[in-house]
Amino acid sequence: YTERRSVRGGVVIIWDTTHWKEANARATDVIVEGRVLSVTLKSIAHEVKVRVVGVYAPCREAGSAERSGGKENREARATPRTREVERQIRDQESDMWDELENDTANDGWVIVAGDMNAERGGALARAGRASSGQDRRLQGVVERNEWRPMSVGRATYRETSEIDHVMAGVH
């Protein structure tokens with residue numbers, strides 16, 4: 001959901017209405033416009049509530065560095081405009097992770113899923129890659145909230161956009 005037409009990408013959360021319903025009239029929240037959306041659902045059969053959070057993270061810096069021949073090469077060619085855009089992306093990343101973590105704290109059952117544009121430590125180690133700021137933020141949020149990976153897709157920041165993480169936890 002987004003109010004602005006200039007935002008590309010976005011988040012949608014879909015559920016099976018034969019098993020789940022919105023918990024109340026204010027169950028849906030836009031946490032970060034175009035980036036993080038949540039809905040609190042209630043199981044029809046068991047009255048259990050779960051907060052479902054969809055994430056579409058900004059593209060990570062490492063992906064653009066890999067495409068442009070490495071960080072040093074990119075920095076050598078950087079213009080003031082390029083540096084400003086990269087600063088804005090870093091700010092967006094930081095804001096998104098802060099808002100995601102604040103919104104899901106002490107919220108009972110939580111499922112977080114989406115295109116995180118980040119990888120966890122094990123995947124990075126297997127691939128022999130260093131972590132980006134986005135990777136470190138994902139790892140920190142997962143550890144602090146004790147989210148457990150339910151499904152991990154392939155890293156999509158190099159090719160396309162798709163759900164690359166599904167995590168669950170309870171507070």
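Two exercises with worked solutions follow.

The structure is a predicted model, in which local features need pLDDT of at least 70, side-chain atom pairs count only at pLDDT 80 or more, and totals for chains, interfaces and linings use all residues. Residues are numbered from 1 along each chain as its sequence is written, and side-chain values use heavy atoms, with hydrogens and water left out.

**Exercise 1.** Determine which residues of helix α5 are buried and what they pack against.

*Solution.* Helices (H or I, at least four residues) and strands (E, at least two) are DSSP runs, numbered from the N terminus. Buried means under 20% relative accessible area, exposed over 50%, and partly exposed in between (1.4 Å probe, protein chains only). By this rule, the buried residues of α5 include Gln134, Leu138 and Val142. Next, contact is taken as heavy atoms within 4.5 Å. The buried residues of α5 pack against α3 (80–104), α4 (121–127) and β7 (165–170). After α5 comes Glu146, with a positive phi near 55°.

**Exercise 2.** Find how Arg51 and Asp103 are joined, and state which parts they tie together.

*Solution.* A salt bridge is a side-chain nitrogen of Lys or Arg within 4 Å of a carboxyl oxygen of Asp or Glu. The rule gives six salt bridges. In one of them, Arg51 and Asp103 meet at 2.5 Å, N to O. Arg51 belongs to strand β4 and Asp103 to helix α3, so the pair ties together parts 52 residues apart in sequence. Arg51 counts as buried because its relative accessibility is 8%. Finally, salt bridges that share partners join Asp29, Arg51 and Asp103 into one network.
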